[in-house]
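Trainee: Please take one chain of this model and go through it closely. I would like the overall build, then the packing inside.

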Amino acid sequence: MAFWAAILLPVIICGLITFGFYSNSAEIIAAHNPPIMLWARYSGAALGIMGLLIMPFYVIFMAFSVNNIEHKNDTWKMLFAQPLNKFAIYAAKYLFAVFLIFLCLFLFASLTFAFGHLLQLLVPKFNFDQYNPLHILINAYAKLFLSSLGILSIQFILSLLWGDFLKPMGIGFVGTIMGIIAANVGWKYAYLIPYSLPALVLRTSKVKKGGNPLDLPIFTQEIWTSLIYAAILFIIGYFIVTKKSIK
Amino acid sequence: MGNYAIETVGLNFNFGNQVIVKDLSLKVPKGSIYGFLGPNGAGKTTTIKILLNLLKSPSDQVFIFGKEINSNRIATLKRVGALVEQPAIYGHLTGKENLINRCILLGIKKTKADDMLALVGLTEAANKKASKYSLGMKQRLGIAQALISDPELLLLDEPTNGLDPNGIIEIRNLMIELATKHEKTILVSSHLLAEIERTATHVGIINKGELLFQGTIEELHLLSKPMLEIEVDDIESAIFLIAKSGYEIITQTDKKITLPFISTQNSGELNTLLVKNGFTVSSLYKQRKDLENLFLDITKTN
């Protein structure tokens, strides 16, 4: 289910935005955007929603479903009764979740690119083909990916501990709202809240886009925070797994 | 120690303040079918989970094939197959996919999945989603999962739970076959003695976390001594007469007198004695306390 969500989500969202651009093509062309701004508007539509809302929720949902499959079927006991290293089981689950996020974002980036060119074919008056946005797209999505790892680690532990939907979802929801607010009011320490990192990361890349769009450092403070959170919580999660008694 | 597949030494286990297993010393010989008996909530499942290291046991109390479990977790689990409580099955996969999944996890040839399905009689339902399986079919699939790695020791927690009489007989025969032909050791838990009685070579009876009896099935039978029950018209005087003649009386009700059974001849003599003294003996028969009652007695007295 999480696997299909990883594929459907980008397809649907990019599809909708493309459709929106297609049906409003007259107005958008009338605005006479330079190609770089056109790409920015187009990809920004997807990135904006992604960073703010969907990304945190998607990560929460996925961390939940990767663990829930074992809770629901009562298969933790079976997994841990196998002659397998507990670390291997835990790491495999975690890496699968990371892979799903990567897949989802990779699709977002490539679909944005592909649909942009599709629009160009459908409406030749667009000037999508006059600028190559790959660098910015890859950069933005790579940052989004890295910044989401902090949330993933938190949610992964929550979903590991609790078999129900409400607790990890509720905490994640509150966290996301807090993160968005903290990021939007520009609180100095907002980067310490993992949930606000995707939004923060996107904002920094947007601000700098006005200057030199090709000069975007990937490893900013937010990304480091996210990676540090991810690493620490990953290790804590492993200790929870080894100590976990299965009732 | 070398002759035991499972040995626990004074094993204690608590959930918080609640004592689940108290000073448990299991001794399961290699190649035996060990019936692990106890009423619901006696600590059977907890014990099995400890044996699988799902619940952490104190060190140096649990030994599987002579090895301490906490320090040899992976090595011991390789030799153990288990079915704990409800079988752990992925509902969104078919029965066959569930087994193949296990093969991949353990690095076993995938063809083994078909063999196991045939063994537990699920070949026809192999491509049906496991969530659509009946309880009995899930139980069979669970047993197939436990057997797939060809373990030397099988831990089966109430394996016949939810099976129809036919299924129960099949499982019973399967267990006997595994133990005799393939020299596997099986620990099978149950709250029904009658079920264990037919297959087990050894029995352990547990109640409230304490082991009340442990030994071979013959030793258990010896515990139940045959009795002689007499129904006679004038109970009071009959008891007086029997006691005067040097017999031991175990119990008496207003209809029946119960004595230890000594021999057939002795029973005849007792009958003659009563009749000669003018009593009307309406019945006199040998009664063997069945294991079911014995089991109830053992668990009740605690």
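Mentor: Domain bounds here come from an automatic or database domain assignment. This is a predicted model. For chain B, the assignment gives domain 1 (4-222) and domain 2 (226-288). The C-alpha centres of these two domains of chain B lie 47 Å apart.

Now the chain as a whole. Chain B has 11 helices and 16 strands. Its radius of gyration is 25 Å, well over the 19 Å that the globule rule gives for 302 residues, so chain B is more spread out than a compact globule. Along the principal axes, the C-alpha atoms of chain B fill a box of roughly 80 × 45 × 35 Å. Buried residues make up 38% of the 302 residues in chain B. Take the contacts in chain B with a separation of 6 or more: 66% of them join residues 24 or more positions apart.

Next, the packing. The largest nonpolar core has 70 residues. B:Ala144, B:Leu155 and B:Ile186 have the most contacts inside it. Helix α5 (residues 135-147) of chain B gives the largest share of this core, six residues. Beyond its neighbours within four places in sequence, B:Ile186 is in contact with B:Ile33, B:Tyr34, B:Leu154, B:Leu156, B:Met175, B:Leu178 and B:Ala179.

Last, the partner chain. 17 residues of chain B are in contact with 13 residues of chain A. On the chain A side, helix α4 (residues 76-80) of chain A supplies the largest share, three residues. By class, that side has six nonpolar, five polar and two charged residues.

Key. Residues numbered from 1 in each chain as written. Chains lettered and ligands numbered in written order. Predicted model: local features only at pLDDT ≥ 70, side-chain atom pairs only at ≥ 80, totals over all residues. Core = buried A, V, L, I, M, F, W, Y, C linked by C-beta atoms within 7 Å. Buried ≥ 20, exposed ≤ 12 C-beta atoms within 10 Å, placed from the backbone. Helix = DSSP H or I, 4+ residues; strand = E, 2+ residues; numbered from the N terminus. Contact = placed C-beta atoms within 7 Å. Nonpolar A, V, L, I, M, F, W, Y, C, P; charged D, E, K, R; others polar. Rg over C-alpha atoms; globule rule 2.2 N^0.38 Å.
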